[in-house]
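Please have the model open as you read.

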Amino acid sequence: VTEVGPPGTAEDPAGPAPPPDESLTDGAPDEAHVVRYYLQAFEVVGNDRTREETITREMLLQPGETFRADDERIDASKVALLATGFFEEVRFSLRRGSRRGWVVFRIHVRERWTLVVENLAFGYTSITPFGGLGVTEWNLFGTGSQLSAAFVVGDEQQAYRLRFVDPSFLGSDWSLFVSALVSDAQDYLGFNGVNSVRANSDVEFGHATIDYWRAGGVLGTGVRLSERMRLDLGYRFEWIDATLPVAASYQRGKPPDSVSAPVPLDLLPGQSLVSGVQFVFAYDSRDDPFLPTSGTRLRAAVDLSHGVLGSDYSFAKFTVDWAMHFQLPWEHVVTLSLFAGAIVGSAPLFDQFFVGDLSDLIPGRVLDLNFHGYAAHNILGTAIGEMQYEDLAGKIAVEYSWPLYRSRTGFLYGLDVFASIGFFMLASATDVELQIPGYEGAEVFPIDLTGDFGFRFDTMVGLFRLSFSNIMGLIPQQVD
């Protein structure tokens, strides 16, 4: 129990005493809404694994304050507790305190399993099969800290990541996060008429292969600006050792006007460093972190890297990721989402925007590793078929989901069927200024359709998706 002693005098009571256990629900009597109480203490019930201070720090009320039964902070605190992902259910009630007008605020929780699978990846491309797994403990030792580990392995590629987050470092309002990444990577660049020469004089056709080692991490901190908003600041440092083709070219443009051009490799040969700072602003008002039915999520980030910080790459990367969820009267959910990104300067390959991360119809990267050389399907017949790693990106999509099942207990918490459709754009600043040969009119703008449909499962061990895009990732696609 987190408690304070009652200030004031006996002649100045805060109000009438509540019943022995008054539930704070929407069905509370009307007269309860005009009564003000002094909050004497918190009392947590049902927390077998989560520490009491981990729960009470999410409360917007504080011992010693006054409140009413209809106080907006009560509902906001409930949303905040559910948003942690630690609990299946949260209920509030009051019981009498040590004197008239003072109450003990009881927090009833039913915990959910917090060791979850966050990234189960597997696929089979025209180059290699691959598979990986990411596991996160969301509530380490009941403290609210997070510890996650992930790996992915394919032919000639592997990557490993470890991340730790303490949301209240040394009991303060500031967080601490540390992450480390090690990868042995290959990438496959160029789509049309590619030929490249390796250092051993081998000639490669179809794509230009680059090999690189990458190791480093991020150290950062953050502060919660309000119950919905937070700001994070991090310092990033990475070492790269890249082996590049001696020469590589491809056919740029639409036949018969295509021309031979050098393949952009976008890594420095040999050893190099990436050093920079990251700023992230986040806003989250969703009612559930796994299958939300209402609320907004916003993430705006700026990454800056420069020689002043010891980096061999100088660039600024700006991204905005936004989604809003609406529940319809018949309890189905519509989600609108928007992504926009731009890079100024010379960013390394893995920091650029990748076609597979924007299109649902071809595999995306896993731990920044790419396992294929696929172009966009180019349903609209635009210059998007030329785009692979670029510095301008955008996506807008709408999703319709139908909740089929909800439960507060058992292995399966929720099941949705969903369908989404949208447009995405990917280009370089050079392509905007200089038209790609062979494209005219509406074809010049590199845009394409994307979409997906299938099922989403919220389970005790994580959120899983079985969809059309999963199936596409298991079928090797034809590469021209």
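**Salt bridges along the chain**

At 17% relative accessibility, Glu88 counts as buried, where buried means under 20% relative accessible area, exposed over 50% and partly exposed in between, using a 1.4 Å probe and protein chains only. Its partner is Arg110: the two form a salt bridge with the closest N and O atoms 3.1 Å apart. This bridge ties together distant parts of the chain, since Glu88 sits in strand β5 (residues 87-96) and Arg110 in strand β6 (residues 102-111), 22 residues apart. Arg110 itself is partly exposed, at 30% relative accessibility.

A word on how to read this. The model is predicted, so local features need pLDDT of at least 70 and side-chain atom pairs count only at pLDDT 80 or more, while totals for chains, interfaces and linings use all residues. Residues are numbered from 1 along each chain as its sequence is written, and side-chain values use heavy atoms, leaving out hydrogens and water. A salt bridge here is a side-chain nitrogen of Lys or Arg within 4 Å of a carboxyl oxygen of Asp or Glu. Strands are DSSP runs (E, at least two residues), numbered from the N terminus.

By the salt-bridge rule, the count comes to 25. Next, take a look at Arg406 and Asp416, whose closest N and O atoms are 2.8 Å apart in a salt bridge. Again distant parts of the chain are linked: Arg406 belongs to strand β24 (residues 392-406) and Asp416 to strand β25 (residues 412-427), 10 residues apart. Asp416 is buried at 4% relative accessibility, whereas Arg406 is partly exposed at 39%.

Which side chain does Arg68 meet in a salt bridge? The partner is Asp70, with 3.0 Å from N to O. Here Arg68 is partly exposed, with a relative accessible area of 29%, and Asp70 is partly exposed as well, at 35%.

Salt bridges can also join up into a network, as they do for Arg214, Arg236, Glu238, Asp351 and Asp368.

Let us finish with a residue of another kind. Thr209 lies in strand β14 (residues 208-224) and is buried, its relative accessible area being 6%. Its side chain makes a polar contact of 2.5 Å with that of Glu204; such a contact is a pair of N or O atoms within 3.5 Å, where, within protein, one must be able to donate a hydrogen and the other to accept it, and residues adjacent in sequence count only if both atoms are side-chain atoms. Setting aside neighbours within four places in sequence, Thr209 is in contact (heavy atoms within 4.5 Å) with Gln186, Asp187, Tyr188, Arg198, Glu204 and Pro245.

Note on methods
Helices (H or I, at least four residues) and strands (E, at least two) are DSSP runs, numbered from the N terminus.
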